[in-house]
Amino acid sequence: MTKEDFLGGKVLLIDKPMGWSSFQAVNSLKWAIRKKFQLKKIKIGHAGTLDPLATGLLLICTGKATKTINLLQGQEKEYTGTITLGATTPSYDLETEVDQSYPIEHINEEMIQKATLQFIGDIEQIPPVFSALKKDGKRLYEYAREGKTVEIKKRIVSITKFEITRIALPEVDFKVSCSKGTYIRSLAYDFGKALASGAHLSTLRRTKIGDYNVNKAISPEEFGKLLEIDG
């Protein structure tokens with residue numbers, strides 16, 4: 001790929017590593033492209049944030065392709081991951097420590113499978129307090145870290161598939177297909193409540209965005225090495 005390719009517009013399929021923010025992944029590619037082609041600047045951005053603890057598909061657009069970001073963000077997304085039953089955390093995932101434990105002895109496979117049904121279709125969801133959504137010009141996670149309580153409005157999201165792929169209590173593996181704006185952390189939290197227990201998201205991987213699949217993605221490090229080899 002040439003300098004003209006990147007400036008003209010490319011959609012790059014990146015497999016975001018654990019612990020990286022989406023911003024870090026974008027910056028890694030931006031630095032590599034600028035260094036390779038001695039560019040002072042290049043337009044670059046991603047189509048849909050992944051939390052640092054999540055891995056998987058991140059679409060990074062360069063040059064004129066950045067104009068398609070909104071369109072790409074609106075595509076259906078697919079995730080796989082693990083919900084751990086019997087405990088909640090303030091962030092709904094492993095970013096924060098367990099704050100409350102719940103019984104799971106009453107939960108069986110039939111209950112788990114049946115509980116998924118109430119989350120299929122258009123549902124109301126409250127985003128996590130530890131999220132990058134803004135309220136009065138400030139990120140929700142900033143309020144949360146300050147110990148402040150704020151009212152978070154419910155939103156309508158759409159889930160077309162919620163499949164359980166493994167049950168090994170307290171862990172439950174899943175595959176979900178959903179609309180833009182869906183928080184899988186909130187889904188995990190609500191799933192625990194539906195089972196008269198508690199739950200949090202312990203692993204998450206984004207596998208698809210529209211027709212784009214993570215099995216065709218490469219890591220930021222691999223991208224940098226390929227760029228060094230031949231552009």
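The model is predicted: local features need pLDDT of at least 70, side-chain atom pairs count only at pLDDT 80 or more, and totals for chains, interfaces and linings use all residues. Residues are numbered from 1 along each chain as its sequence is written, and side-chain values use heavy atoms, without hydrogens and water.

**Helix H6**
- H6 spans residues 184-194. Helices (H or I, at least four residues) and strands (E, at least two) are DSSP runs, numbered from the N terminus.
- Its buried residues are Ile 184, Arg 185, Ser 186, Leu 187, Ala 188, Phe 191 and Gly 192. Buried means under 20% relative accessible area, exposed over 50%, and partly exposed in between (1.4 Å probe, protein chains only).
- These buried residues pack against several elements, including helix H4 (109-116), strand E7 (121-125) and strand E10 (155-168). Contact here means heavy atoms within 4.5 Å.

**Strand E4**
- H6 also packs its buried residues against E4 (77-85), E11 (171-178) and E12 (199-209).
- Eight of the nine E4 residues are buried, so the strand is largely enclosed by the rest of the structure.
- E4 runs antiparallel to E11, with eight bridges. Strands pair if DSSP finds at least two bridges between them.
- Thr 80 has Lys 175 of E11 as its bridge partner.
- E4 also pairs antiparallel with E12, over nine bridges. There, Thr 84 is bridged to His 200.

**Met 18**
- Met 18 lies in the loop between strand E1 (10-16) and helix H2 (22-37).
- Met 18 counts as exposed because its relative accessibility is 53%.
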